[in-house]
Amino acid sequence: MSTAVVTVNKGVFSGFNLRQKTLLIIGFTSLLLLAIVISSVSFGEESLHTNFGSKNLNPSPEHPFGTDWMGRDMFIRTLEGLGSSILIGAFASTISTILAIVLGLLSSAGKIADSFISWLVDLFLSIPHLLLIILISIGFGGGATGVIIGVALTHWTGLTRVVRAEIKQLKTQEYIHISRNLGKSKWWIATKHILPHLIPQILLGTILMFPHAILHEASATFLGFGLSPHEPAIGIILSESMKYLSAGYWWLAFFPGLSLLIVVLAFDMIGENLGKLMDPKNAHE
Amino acid sequence: MCLKGENISFGYKKNNLILNNVNISVDRGEVLGLIGDSGSGKSTLCKILAGYENDHKGNVSIDGKEIPSKGYNPVQLVFQHPEKAVNPKWKMKDILNEGHIVPQNILDSFGIKKSWLNRWPNELSGGELQRFALARALSPETKFLIADEITTMVDAITQAQIWSIVLDIVKELNIGVLVVSHEKKLIKRLCHDVVYLDDLNNA
């Protein structure tokens, strides 16, 4: 017990208890992500104008991430790319979550439905993730729509398994049987007894899906199967800057890559800390 | 009015019957004790009588009529582990009133305090939770109560308290009770009549 207390009251967060600390972390990281999205949306086209007078500049106070071979400010390009990544991630993981809920609920309908959905999950998991995204993306005509659909249609497997297992486990609980014996209908039991257990799982699953979706979108774009080159995207920035790395323009890849990593880690942190808040019993795991 | 289980056979595996041709009946207002060793199928018989287990052979009926599978079941089962019988995401007042609004006099006789109603299940002890489970099951619509080792996890004093309350309410509502236990002394104190599962069971 004493060691736990000591670790809580150390460093920047001294003076806060664990709950306040968790809330603070969630607040800060959400604010960071929100700021990225809002600023990327509010930047207009003109902020990315080409200026060949200032091309390939080193990072400086004026251009914190440097400039590229067309004189564009890399900081703004990175922000725009991250913003669109987050938005695509949000959209794709929302669709994936809806798919996961529908399939998870369907699997509790009967034995045939259950084995079909398990088979479907296994099928999707047996194909390498990125390959499947690229296939679906090409199948839907590539570009932004292609990659969004590709990411959305491949990230539901994990959450479907969680929802299915959770429902299975809940259905054997004594209080569910008792509720039925007290004359409650199936619908009543599903909404009042089962749903409250599922909501935290679904919320967490969605947030933890974000980093995957963002990274997969960036990878597909990096490989040239995603967003088109004129759109601001981290994948595009990274693949373009590969050509300039050997020329010593390290900042072209370094800062955008680092920013992507920070965004992904921020989502992970939000997810984990929300998990701690919603299920304090499992916080130690 | 009489709850009857006739020719009940059940096995969790094929060719391995736990219950074979068991006949049992409880009258309304009667308190019947059922004694059996661990693993003899007591709980399984309880689940069959209360309609929790439907893959059995034989009939369960009240006055010759089958118990409808929908709606309030007049046969209510209370389990050994009350912490499993409550939804951990519900407040105690919702758990208590899930079947019917439990009247204040029953709360008083069980000693359920008002301050408990706003708590979560994990903030109450096993004995306290079991009072809620019993109050929830003892509605005016309940005709038979099956008590499957309901006081095994509490101390002797609480055991005596809970049973005296239950027997009072049961008498008032004219409910038939099947008391299941492996404690012969307890059953002899509580029940009008005692049956041994080994005598009923041909498995």
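This is a predicted model: local features need pLDDT of at least 70, side-chain atom pairs count only at pLDDT 80 or more; totals for chains, interfaces and linings use all residues.

Colleague: Which strands form the open sheet in chain B, and in what order?

Modeller: Five strands, in the order 6-7-8-3-9, with parallel pairing. Strands are DSSP runs of E with at least two residues, helices are runs of H or I with at least four, and both are numbered from the N terminus. Two strands pair if DSSP finds at least two bridges between them.

Colleague: Which strands stand at the edges?

Modeller: Strand 6 (75-78) and strand 9 of chain B; each has a single partner strand, so one side of each lacks a neighbour in the sheet. Strand 6 of chain B is joined to strand 7 (residues 144-148) of chain B by four bridges, and B:Val75 has B:Phe144 as its bridge partner.

Colleague: And strand 3 of chain B, what does that pair with?

Modeller: Strand 8 (residues 176-181) of chain B through five bridges, and strand 9 (residues 193-196) of chain B through four. B:Leu32 is opposite B:Leu178 in strand 8, and B:Gly33 is opposite B:Val194 in strand 9.

Colleague: Is strand 3 of chain B buried or exposed?

Modeller: Five of its five residues (31-35) are buried, so strand 3 of chain B is largely enclosed by the rest of the structure. Buried means 20 or more other C-beta atoms within 10 Å of the residue's own, with C-beta atoms placed from the backbone; 12 or fewer is exposed, and in between is partly exposed. B:Val31, B:Gly33 and B:Ile35 are on one side, B:Leu32 and B:Leu34 on the other.

Colleague: Changing topic. How many residues of each chain are in contact?

Modeller: 12 residues of chain A with 16 of chain B. Contact means C-beta atoms, placed from the backbone, within 7 Å. On the chain A side, helix 8 (174-181) and helix 9 (186-222) each give two or more residues. Helix 8 of chain A gives the most, six.

Colleague: Last one: where is A:Gly83?

Modeller: In helix 3 (residues 74-106) of chain A. A:Gly83 is buried, because 24 other C-beta atoms lie within 10 Å. Beyond four places in sequence, A:Gly83 is in contact with A:Ile36, A:Val37, A:Ser40 and A:Val41.

Conventions
Residues are numbered from 1 along each chain as its sequence is written. Chains are lettered from A and ligands numbered from 1 in the order in which they are written. Two residues are in contact if their C-beta atoms, placed from the backbone, lie within 7 Å.
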